[in-house]
Amino acid sequence: MSIMDNDKIYDCLRGCQTGGGMGDSKSYTYNPGCCKLAVFNWLEGFVQQETELYFEVRFKNTRKGIFKNESEQNLKTGDIVVVEAQNGCDVGIITIAGPMVARQMLRNNIDPSGYEFKKIYRKARPADIEKWQHAIAREHKTMIRARQIAADLALDMKIGDVEFQGDGSKAIFYYIADERVDFRQLIKVFAEEFKIRIEMKQIGARQEAGLIGGLGVCGQALCCSRYMNVFKSITTQAARCQDLSLNPQKLAGQCGKLKCCINYEAAVYRDALEKLPKVSEPLRLEDGNAYLIKTDILKGIMWFSYDASSTSNLIPVSKENVFKILEINRRGKAARSLVDTGSQKEKTHDFLSAVDEESIFRFDESKRSRKGRKRGR
């Protein structure tokens, strides 16, 4: 995705921006604001000899790698470099340099003593960047055509993205499929159609969301494109323990799977639930049975009603009082009425919705009053 701003073009898929000018006079610079899976380099300025030759290089979307600068050129964060690829060469942007690279190696389980690092050949020359940009310009058309070919071959798969290698000699086709797909015929057609080497890479729905990116219902960039690279399984049990409504439309993210953020607070809610009383039967009181309707898990407040089918006239009871009532019931006695305990005096509303707030026309009333004061003068 490219965004134009006056004479600048922002390539959010690769984290760079194009300056003004035409042809060779164009400048390509690193734009940290458009870098997916960006890492804050809190060790910037520190020098460590063990990592001075290693750099993290970013390509399209969330694809990154650690490369070694064996030529010992003077490189820094933001440089566009030509790197070694499996066949030919690729072009990427250096996103991390210095001791922080060691932290990234540790995170990705890379052992420098036994890992075979690919090389950084050089800083990208104008000819390299021009070839790189020509390859990028082919990606969208190639993806649309590839989807048409897959549909013509009646293959049960979805091609989510296409990434060309920097030298334009190879393309990676990212696809999603629920079952195993025999795409041998598809690769032959692709090779004849696009005249390049083909690599098919299967990804999951969450990985596709990370590649494409977007905004979640919280208003922030998707976690999978912002910082997540390990996707843990998410179950409805995590939603149940947080007392969330099991509505698929609300619980599903843009990938169609359960939202990753459901797991974030699940452990806190599980710990809080262990401290709450287990109410499996209605509370026996002097004035009747009280039924548990809902629970504020974190605050430890349980809401009861004398009518099991009604959500009106709910009475909040603290977990300490519920423990006491349950203990009285175990002795075979009925506890005092919830109305007599003073539980109703507890604050029942902590917030005001937009409906409860004052009318927006209060601004007009203040203006009128000011006008009236002026006339009175």
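1. Two strands are said to pair if DSSP finds at least two bridges between them. Helices (H or I, at least four residues) and strands (E, at least two) are DSSP runs, numbered from the N terminus. By these criteria, strand β13 (residues 283-285) and strand β14 (residues 288-296) run antiparallel and are joined by three bridges. Within this pair, Arg284 stands opposite Asn289 in β14.

2. The model is predicted: local features need pLDDT of at least 70, side-chain atom pairs count only at pLDDT 80 or more, and totals for chains, interfaces and linings use all residues. Residues are numbered from 1 along each chain as its sequence is written, and side-chain values use heavy atoms, with hydrogens and water left out.

3. Two hairpins follow one another at β14. The hairpin from β13 to β14 passes through two residues. Strand β14 also pairs with strand β15 (residues 301-305) in the antiparallel sense, over five bridges; here Lys294 has Trp303 of β15 as its bridge partner. The hairpin of β14 and β15 has four residues between the strands, and Gly300 in the turn has a positive phi of about 75°.

4. A barrel is present elsewhere in the chain. Five strands close into it in the order β5-β6-β9-β7-β8, with mixed pairing. Neighbouring strands of this sheet are turned by 55° against each other on average, direction ignored. Strand β6 (residues 64-68) and strand β9 (residues 118-123) run parallel and are joined by two bridges, and Lys68 stands opposite Lys119 in β9.

5. Helix α1 lies across β5 (54-58), β6 and β8, and runs at about 70° to β5. Helix α2 lies across β7 (80-84), β8 and β9, and runs at about 80° to β7. For such angles, axes are lines fitted to C-alpha atoms, for helices over the stretch in contact, and the values run from 0 to 180 degrees between N-to-C directions.

6. Helix α2 (residues 126-152) also packs with helix α3 (residues 184-194), at an angle of about 140° and with the axes 11 Å apart. The two helices are therefore oblique to each other (under 35 degrees is roughly parallel, over 145 roughly antiparallel, 65 to 115 roughly perpendicular and the rest oblique). The contact (heavy atoms within 4.5 Å) involves Arg138, Thr142, Arg145, Ala146, Ile149 and Ala150 of α2, and Leu186, Val189, Phe190, Glu193 and Phe194 of α3.

7. Pro99 deserves attention. This residue is found in the loop between β8 (89-97) and α1 (100-107). At 10% relative accessibility, Pro99 counts as buried (buried is under 20% relative accessible area, exposed over 50% and partly exposed in between, with a 1.4 Å probe and protein chains only). Leaving aside neighbours within four places in sequence, Pro99 is in contact with Leu43, Phe46, Gln48 and Thr51. The C-alpha atoms of Pro99 and Glu44 are separated by 7.9 Å, with the two residues 55 apart along the chain.

8. Asn61 has a phi near 55° and is placed in the loop between β5 and β6; at 2% relative accessibility, Asn61 counts as buried. Ala154 has a positive phi of about 55° and is found in the loop between α2 and β10 (158-164). Ala154 is exposed, with a relative accessible area of 66%.
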